[in-house]
Amino acid sequence: MDTHYDLGIIGGGPAGYTSALHASLKGKKVVLFEKDEIGGVCLNRGCIPTKSILYVSEIYKKVKEAEKYGIKTSSPEYDYHKVLERKNGIVERLRKGIELALKNAKVDVVKSSATAISQTEIESDGILYNCDEIICAVGSSPKIIKGLEFDGEFLLSSDDVLNLTKLPKSIVIIGSGAIGIEWARIFSNFGVETIIVELAEHLLPIADIEVSKRIERIFKSQGIKYYTNTTASVKDKMILLSNGEVINPEKVLVAVGRTPNLIKKIKGINYIGDVKGEIQLAHYAIKQAIENIDGIKFDTDLTPSVVYGTPEIAWIGKREQDGEFKKSLILLSALGKAQCDGETDGFIKILSKEGKILGAHIVSPEASALIQQIAIAMNNNISVKNLKEICFAHPTYSEGIFDCVQKL
Ligand SMILES: Cc1cc2nc3c(=O)[nH]c(=O)nc-3n(C[C@H](O)[C@H](O)[C@H](O)COP(=O)(O)OP(=O)(O)OC[C@H]3O[C@@H](n4cnc5c(N)ncnc54)[C@H](O)[C@@H]3O)c2cc1C
């Protein structure tokens, strides 16, 4: 058995499989080790499964509200088994796609745990692999905090919550990052009593302050209860809040961040993706992989963030609290498209300085696509003046960007 490779990769998530595919395109002989499933957290326990369940929960909510659009329905019901079956099908199809791409690229995939023991050696199942280069892309795991350790039954991680075969009647979600917000939306859409507990002053604390405040307002209107500036502890299956209140939920989701899966780094090995402990997003992991293999650099400060659900939340660049900027904000209620869709609670906001766009913050349907327009503009130094010269289609949410730049 030939165990010499140009490149050895540990971890088959977005960082790992992207590295493998791009390196093989360059003619390199590649071996990829994955101890679980190809696709990593993103495909198997993160981005894709959550978004597929979230999508169905949004349909369910829309159908329940159909009467306000002039549609009569008798009381709709959901079948959570089918929701999970659909989710599993999507994950499997996408996984097969990546596995096929790796096979076609002639990447040797070893389905086993591996450890880098030096700059050029990987050990797996008692076999030593010699690799000219090694990439370590072993990802991250749900952060465990003292007193709120996961038990898989009552205190759930973002992995455990995907294993629920039945939704609880009530849930407390500790932490309001992207994962906490998206699951709050899923549970609430399905009619689960949902309460968020957040340590920071506002929900989604990494976002622009105005975005956080708007999400709080939207959650209030949707009946999602939340506590900010509050900590939680557990006693006898009760949640004790720092304000003295006691909650008795059926389940608790602890979503307070993720910890890199690594004990010790070895000099000369490339660490990319979540394990690096920087921006823990799939597209960031993918871009790092491409930068590393193909040398295509990217501006990490211009990594967009998206939180899914209705309305979507997306941002890029500087936030209002980061400094002094010229600001323009368009309320969705001013847009014809938003009125037609009945989605008027949100905004598009752009921050600039001397005609240069420095940040954008969007709470709107299609925010995930809208933010990419701003990302393209910012990455190419397209100024406020340049954007004013562009013809935007009507009626669209994109028009909000056009309207916004008129005031900068
Ligand atoms: C609930 C949730 C929702 C998310 N939603 C989004 C989203 O909408 N958009 C977004 O951009 N990001 C999202 N993320 C984050 C995204 O999943 C990660 O940023 C991304 O998966 C990181 O990719 P990675 O390749 O670095 O690591 P991972 O995807 O974690 O992959 C690492 C792989 O390494 C394997 N591995 C670990 N140790 C070893 C070993 N010793 N030997 C062999 N294999 C090993 C693991 O089994 C795993 O498959 C979400 C995460 C979660 C948890």
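How many bridges join β12 to strand β13? Four is what you might count on the screen, and the count is 4 bridges, with the two strands running antiparallel. Strand β13 covers residues 238-241. Helices (H or I, at least four residues) and strands (E, at least two) are DSSP runs, numbered from the N terminus.

Before I go on, the ground rules. This is a predicted model: local features need pLDDT of at least 70, side-chain atom pairs count only at pLDDT 80 or more, and totals for chains, interfaces and linings use all residues. Residues are numbered from 1 along each chain as its sequence is written.

Back to that sheet. It is open, has 3 strands in the order β12-β13-β14, and its pairing is antiparallel. The edge strands, each pairing on one side only, are β12 (232-235) and β14 (246-247). Two strands pair here if DSSP finds at least two bridges between them. Within β13, Leu240 stands opposite Ser233.

Now the other sheet I want to show. It is an open sheet of 5 strands, ordered β8-β15-β9-β10-β11, with parallel pairing. Its edges are β8 (155-156) and β11 (225-227), and each pairs on one side only. Start at β8. It pairs with strand β15 (residues 251-254) in the parallel sense, over 2 bridges. There, Leu155 stands opposite Val252 in β15. Next, strand β9 (residues 170-174) and β10: parallel again, over 5 bridges. Ile171 has Thr194 in β10 as its bridge partner.

Why is β10 largely enclosed by the rest of the structure? Because 4 of the 5 residues of this strand, residues 193-197, are buried. Buried has a cut-off: 20 or more other C-beta atoms within 10 Å of the residue's own, whereas exposed is 12 or fewer and partly exposed is in between, with C-beta atoms placed from the backbone.

On to the nonpolar cores. A core is a set of buried Ala, Val, Leu, Ile, Met, Phe, Trp, Tyr and Cys residues joined through C-beta atoms within 7 Å. The largest one has 65 residues. Ile173, Trp183, Val252, Leu253, Ile362 and Ile371 touch the most other members. Helix α5 (residues 178-189) gives the most to this core, 7 residues. Domain 2 (144-256) and domain 3 (301-406) each provide at least three residues. A second, separate core has 41 residues, including Ile10, Cys47, Ile272 and Ala282.

Take Ile371. Leaving out residues up to four places away in sequence, Ile371 touches Pro304, Val306, Ala314, Trp315, Ile316, Ala360 and Ile362. Contact means C-beta atoms, placed from the backbone, within 7 Å.

Next, the domains. Their bounds come from an automatic or database domain assignment. The chain is divided into domain 1 (4-141 + 259-294), domain 2 (144-256) and domain 3 (301-406). The centres of domain 1 and domain 2, taken over C-alpha atoms, are separated by 26 Å. Their contact takes 12 residues from domain 1 and 11 residues from domain 2. On the domain 1 side, α3 and α4 (80-104) each supply at least two residues. The largest share of that side, 8 residues, comes from α3. By class, the domain 1 side has 7 nonpolar, 2 polar and 3 charged residues. Ala, Val, Leu, Ile, Met, Phe, Trp, Tyr, Cys and Pro count as nonpolar, Asp, Glu, Lys and Arg as charged, and the others, Gly among them, as polar.

Now the ligand. There are 35 residues around it, and Gly11, Gly13, Gly40, Gly139 and Gly273 come nearest. A residue counts as near if its C-beta atom, placed from the backbone, lies within 6 Å. At least two shell residues come from each of α1 (14-25), α2 (40-44), α3 (47-64) and α7 (282-294). The shell has 15 nonpolar, 15 polar and 5 charged residues.

Ser140 lies in strand β7 (residues 140-142). Ser140 is buried, because 21 other C-beta atoms lie within 10 Å. Its contacts, not counting residues up to four places away in sequence, are Arg258, Thr259, Pro260, Asn261, Asp274, Val275 and Gln280.

Gly97 is in helix α4. Is Gly97 buried or partly exposed? Gly97 counts as partly exposed, because 13 C-beta neighbours lie inside 10 Å. Gly97 and Gly39 are 58 residues apart along the chain, and their C-alpha atoms are separated by 9.9 Å.

Note on methods. Two residues are in contact if their C-beta atoms, placed from the backbone, lie within 7 Å.
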